[in-house]
Amino acid sequence: MDEAVIVGAEMVAGHDGTLELLVRLRHPNGAEGPVVLDEETGLRLMQNCGATHVDDLAGQSWRRILEGS
Amino acid sequence: MFDVIVRNGLVVDGSGQPGFHGDVAVKDGKIAAVGRFEGEARHVVDAGGRVIAPGFIDPHTHFDVQLLWDGAARPALEHGVTCVVPGNCSLSLAPLKAADRPRLIGMFQQIEEMPPEAFTTAFEWTWEDFAGYREAIEKALSINVAPLVGHSVIRLWVMGPAAQERAATPAEIASMQCLLRECLDAGAVGLSTSFVDVDETGRPVPSRFAQFEELDALSAVLGEYGRMLQCVPEFYATDITIARIDQLAELSLKHNIPTTFSPLFDTSAVPDNAPRAIARVEEQFARGARVWPQMQTRPIDISFSLLRPSLFFARLPRWVRVLRQPVAQRLESLRDPDTVAKMVADTGPDGGEAMMGRLVLRGGDAAPAALAGKTLSEIAKARGEAPALALIELSLEHGLDVAFLSASQGHQSTDRIGPMLAHPLVHIGASDGGAHLASFSTYGDTGYLFSEFVRKGGHMSLEQAVAKITGETADIWGLKDRGRLMPGLAADIVVFDPDTIDREAELPSFDMPGDGMRYVRAARGIDTVLVNGEVAYADGAYTEARSGVVCT
């Protein structure tokens with residue numbers, strides 16, 4: 001693995017009263033960390049990945065987050 | 001002869017010590033006596049069966065604009081709040097050159113969601129410097145104000161448009177230091193900065209372009225005055241938040257200043273977020289630093305409408321496809337019986353009852369006011385439709401401008417949050433009063449503290465809860481004559497019923513300039529509020545008192 005990969009995702013309540021998609025990335029050095037996506041970006045990621053559930057995002061490249069942005 | 005005596009209540013004095021039955025007397029705006037004493041007063045408040053406490057202090061608000069036409073910061077005062085701290089998150093209304101007003105308005109509209117009329121018709125913009133802003137709000141204050149000055153506006157004053165483009169030069173940093181001194185001399189209680197906020201175009205606010213050297217130099221000025229540095233860290237990422245805690249600790253130790261960061265949320269998605277941050281705070285306090293995490297009491301509610309796609313529908317790909325269409329096509333799809341039938345079928349054999357039935361129609365938009373507060377399940381039954389169909393049809397009937405609320409979706413676990421709020425190093429705050437106007441109500445967090453964490457959860461005593469939002473807050477912020485019922489201190493007093501104090505349901509209110517809408521919550525269980533010795537709120541109504549001050 002030479003780039004970050006999505007290892008999990010969860011819907012979370014955002015500070016501003018909207019839902020956000022918290023995507024957990026595993027980096028090439030093994031470290032894991034979250035990235036919080038706004039609604040539009042989160043929905044676009046799910047569509048890009050053909051995901052019907054947030055669990056379906058696991059295994060996808062982090063680059064899918066950027067597609068169509 | 002006293003001016004006021006509040007008689008026969010349970011005196012909870014803000015120290016955290018056990019309450020005792022007694023009276024509180026007021027003379028010349030100050031507390032004159034506490035306990036049992038002789039004497040008469042021109043005005044007597046009967047507090048039988050009630051608590052007599054210091055007025056509550058709200059340390060994280062954005063009332064900067066509202067205070068120019070509403071000196072009570074309604075409805076904050078009726079919740080027992082007698083002192084608010086505006087100017088958080090790097091944004092204040094001064095110092096600000098006239099030419100920079102449009103730029104700052106955009107930033108404020110992004111955070112506060114104020115209607116444009118708030119800036120064009122609601123007040124006369126008479127000032128540029130901090131002293132001028134203070135003079136403008138002091139004319140009719142019913143509530144006390146302890147204002148922060150924003151790092152972003154200080155940058156904007158010194159650097160102009162470059163404030164949102166680059167790091168500052170040494171000369172510019174020196175100018176910012178001089179300007180900050182002016183503001184502190186004019187009554188600012190500290191400096192706010194942000195590593196998170198954006199303007200209306202999504203561009204980072206000016207404070208985010210500062211390098212650490214700049215914040216260090218400004219903190220040195222705060223050190224000359226012993227004043228607060230408030231910061232919004234990258235609260236969505238625990239590791240970065242901890243790095244910011246460490247930075248704040250270094251600034252606190254180096255310059256001998258208090259620092260505070262907000263918000264700190266508990267979330268099931270990252271369950272170790274708040275505990276790890278609090279553990280780091282404990283380590284830094286053990287070193288002698290002062291880094292106060294602010295945690296709000298209220299849970300986070302989520303709302304959405306069909307005007308734009310929401311992650312609420314993420315598990316329904318067909319809904320997402322329809323809602324991500326341009327509005328005209330979206331309307332066409334939502335009017336197509338076949339598409340709608342499939343969408344409803346996607347929500348399950350119960351027509352969306354389990355998935356959507358508990359959604360609450362918010363009101364304040366194009367929806368009929370009579371439906372506000374009702375669940376989608378109730379509305380669907382009345383219409384004889386499945387909940388998912390009712391959501392679509394109701395939205396179509398009102399141009400899609402119908403908002404639905406899913407309550408308590410974040411920061412909602414009382415059993416987890418209660419002990420954190422009771423932690424001696426956790427600062428109860430982050431209400432955001434006066435901000436997010438069109439998204440949710442930011443009022444009533446103090447009432448919720450008592451109803452949820454004292455009465456229901458039992459996570460802290462009445463006396464501890466009062467101390468958390470009065471005496472301890474005053475100590476953290478260096479507000480020397482506030483926060484306690486002690487002779488000689490300012491007579492900010494709230495009389496409340498400990499058995500009923502709470503926040504009421506969230507409702508839309510069209511009381512912003514230009515009939516602008518905001519969500520508010522009324523108070524429950526608050527009898528009387530005195531500000532600097534004058535009754536500012538009693539028997540469910542505001543008085544004509546204008547006894548609020550800029551307090552330092």
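Predicted model: local features only at pLDDT ≥ 70, side-chain atom pairs only at ≥ 80, totals over all residues.
Biologist: What makes chain B and chain A count as being in contact?

Modeller: Two residues are in contact if their C-beta atoms lie within 7 Å. By that criterion, 25 residues of chain B are in contact with 23 residues of chain A. Strand 14 (300-304), helix 9 (317-323) and strand 16 (404-410) of chain B each contribute at least two residues to the side that touches chain A. Strand 14 of chain B gives the largest share, 4 residues. By type, this side of chain B comprises 14 nonpolar, 7 polar and 4 charged residues.

Biologist: Why are strand 1 and strand 3 of chain A called edge strands?

Modeller: Three strands of chain A, in the order 1-2-3, form an open sheet with antiparallel pairing. Strand 1 (5-13) and strand 3 (32-37) of chain A each pair on one side only, and hence they are the edge strands. On average, neighbouring strands of this sheet are turned by 25° against each other, direction ignored.

Biologist: How do you know that strand 2 and strand 3 of chain A are joined?

Modeller: Pairing requires at least two bridges between the strands. Strand 2 (residues 19-26) of chain A has 6 bridges to strand 3 of chain A, and the two run antiparallel; the pair therefore meets the requirement. Within this pair, A:Leu21 is opposite A:Leu37 of strand 3. Helix 1 (residues 39-48) of chain A packs on the sheet and touches strand 2 and strand 3 of chain A, its direction making about 55° with that of strand 2.

Biologist: Which domains does the assignment give for chain B?

Modeller: The domain assignment gives domain 1 (56-299 + 411-538) and domain 2 (302-408) of chain B. The centres of these two domains, taken over C-alpha atoms, are separated by 35 Å. Their contact takes 8 residues from domain 1 and 6 residues from domain 2 of chain B. On the domain 1 side, strand 19 (502-512) and strand 20 (516-524) of chain B each supply at least two residues. Strand 19 of chain B provides the largest share of that side, 3 residues. The domain 1 side divides into 6 nonpolar, 2 polar and no charged residues.

Biologist: Why is one side of strand 6 and of strand 8 of chain B left without a neighbour in the sheet?

Modeller: Strands 6-7-8 of chain B form, in that order, an open sheet with parallel pairing. Strand 6 (56-58) and strand 8 (144-145) of chain B stand at its edges with a single partner strand each, so one side of each has no neighbour in the sheet. Strand 6 of chain B is joined to strand 7 (residues 81-84) of chain B by 3 bridges, in parallel.

Biologist: Which residues have the most contacts inside the largest nonpolar core?

Modeller: They are B:Ile143 and B:Leu180, in a core of 142 residues. Leaving aside neighbours within four places in sequence, B:Ile143 is in contact with residues including B:Val81, B:Cys83 and B:Val531. A second, separate core has 45 residues, among them A:Val23, B:Met356, B:Ile379 and B:Leu394.

Biologist: Why is helix 16 of chain B described as largely enclosed by the rest of the structure?

Modeller: A residue is buried if 20 or more other C-beta atoms lie within 10 Å of its own. In helix 16 (residues 445-456) of chain B, 9 of the 12 residues are buried, so this helix is largely enclosed by the rest of the structure. The buried residues include B:Leu449, B:Phe450 and B:Glu452. Just after helix 16 of chain B, B:Gly458 takes a positive phi of about 65°.

Biologist: What makes strand 21 of chain B mostly covered?

Modeller: In strand 21 (residues 526-531) of chain B, 6 of its 6 residues are buried. Strand 21 of chain B pairs with strand 18 (residues 493-496) of chain B in the antiparallel sense over 4 bridges, and B:Phe496 has B:Ile526 as its bridge partner. Another 4 bridges join strand 21 of chain B to strand 22 (residues 534-538) of chain B, also antiparallel. In that pair, B:Val531 is partnered by B:Glu534. These two strands of chain B form a hairpin with 2 residues between them, and B:Asn532 in the turn has a positive phi of about 45°.

Terms used. Residues numbered from 1 in each chain as written. Chains lettered and ligands numbered in written order. Nonpolar A, V, L, I, M, F, W, Y, C, P; charged D, E, K, R; others polar. Axes fitted to C-alpha atoms, helices over the stretch in contact; angles between N-to-C directions. Domains from an automatic or database assignment. Core = buried A, V, L, I, M, F, W, Y, C linked by C-beta atoms within 7 Å.
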